[in-house]
Each structure stands twice: as structure tokens, then as C-alpha cells.
Amino acid sequence: MLSHTCGMGTTPEKSAFAERLRLALGRSTKRISTPGELVVQFNLRYTGKPVSPQAVQKWLAGENRPTQDKIELLAKMLGVSSIWLQFGIEQGPNGTPQRIKDIAVKDATEEELRLIGRYRRLSAYQQELVSGLIEQLALSANTSSEA
């Protein structure tokens, strides 16, 4: 059975990701009940360097989070939104993750378009950091407005 253990590198974000990953694994039609099974199923589908059992154990323990490409594959494997898996964006009434609606570019202000241009010039790593920050701020704003 997939277990939860706390380690030295655990943060609230990593713990929350681990909880969502375990939840998605439990709900998935793919019966993956051990970290070893997750390693095998993941590596069968992943085109990059295979992940180790230790890496998967750290994901499940909340000690580390996978990179964006791995989160996207995990989400696809488990039938959930990558946005939900990564950030915990709210779920719909039937328990499935809701997708964030994109703002049409025609509605973007000049300042927003300028920021998009700057964002596109960032490295992939920097884009991932900025995207994560924006998602966290949006989550905080949603939580604050609901209270």
C-alpha cells in the first residue's frame, strides 16, 4: 500500500502534492498500489531518463515534487488535470478537477501582452517558477475571497 511518511525536506506544498498524488492513485482505474508499481508504470510511458524508486518514494512522502513534464505524465496516466495534481485547483461537484479557464488574448491589456512577451523570453525553468508563483497567488486569492 502507498504510505505517507514525513521527511526532513517536507514543505506544505510538497506534502499537499503527495496527498493529491496518493488520492489520484487511489481513484485511478490503473491499479497501482505500491511505489514500485508506480515506478514501472511511469517509466514505461516516460521518454526521458527513468525515475528511480527512491524518487517516487520522495514524491509520495512529500519530500520532493517531480518536474512539470513528469507531473503532466502522471496526470495523464491517472486521469486528472495536471493543474489539479500540481497545485490542487478546486474540484467540481463529482470530484473531478476543474480546469482553469484561459483568458482570451483579445481581452488582454497592453500590460498583460507585454508580460507575456517577457515570460516567453525566460528559460523553461524560470517559466516554471513564474507559473508556480502565479498559481499559488491565484489559489491564495481564491481562498481569501471565499472566506
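Does Gln86 count as buried or exposed, and at what relative accessibility? In this predicted model, Gln86 counts as buried because its relative accessibility is 6%, below the 20% limit applied to buried residues. Gln86 is part of helix H5. Beyond the residues up to four places away in sequence, Gln86 touches Phe17, Arg20, Arg65, Gln68 and Ile71. With Gln68, a polar contact is formed between the two side chains at 3.1 Å.

Leu85 was examined next. When neighbours within four places in sequence are left aside, Leu85 is in contact with Phe17, Arg20, Leu21, Ile71, Leu74, Ala75 and Val80. Leu85 also belongs to the largest nonpolar core, which comprises 22 residues. Leu21, Leu38, Phe42, Trp59, Leu74 and Leu85 are the residues with the most contacts inside this core. At least two core residues are supplied by each of helices H1 (12-27), H2 (35-45), H3 (53-61), H4 (68-78) and H5 (82-87). The greatest contribution comes from H4, with six residues.

On the H2 side, the contact is made by Leu38, Gln41, Phe42 and Arg45, and on the H4 side by Lys70, Leu73, Leu74 and Met77. Classified by residue type, the contact of H2 with H4 contains five nonpolar, one polar and two charged residues. Leu38, Phe42 and Leu74, which take part in this contact, are also among the residues with the most contacts inside the largest nonpolar core.

Note on methods. Residues numbered from 1 in each chain as written. Predicted model: local features only at pLDDT ≥ 70, side-chain atom pairs only at ≥ 80, totals over all residues. Heavy atoms only, no water. Core = buried A, V, L, I, M, F, W, Y, C linked by side-chain atoms within 4.5 Å. Buried < 20%, exposed > 50% of the residue type's maximum accessible area, 1.4 Å probe, protein only. Helix = DSSP H or I, 4+ residues; strand = E, 2+ residues; numbered from the N terminus. Contact = heavy atoms within 4.5 Å. Nonpolar A, V, L, I, M, F, W, Y, C, P; charged D, E, K, R; others polar. Polar contact = N/O pair within 3.5 Å; in protein donor to acceptor, adjacent residues only side chain to side chain.
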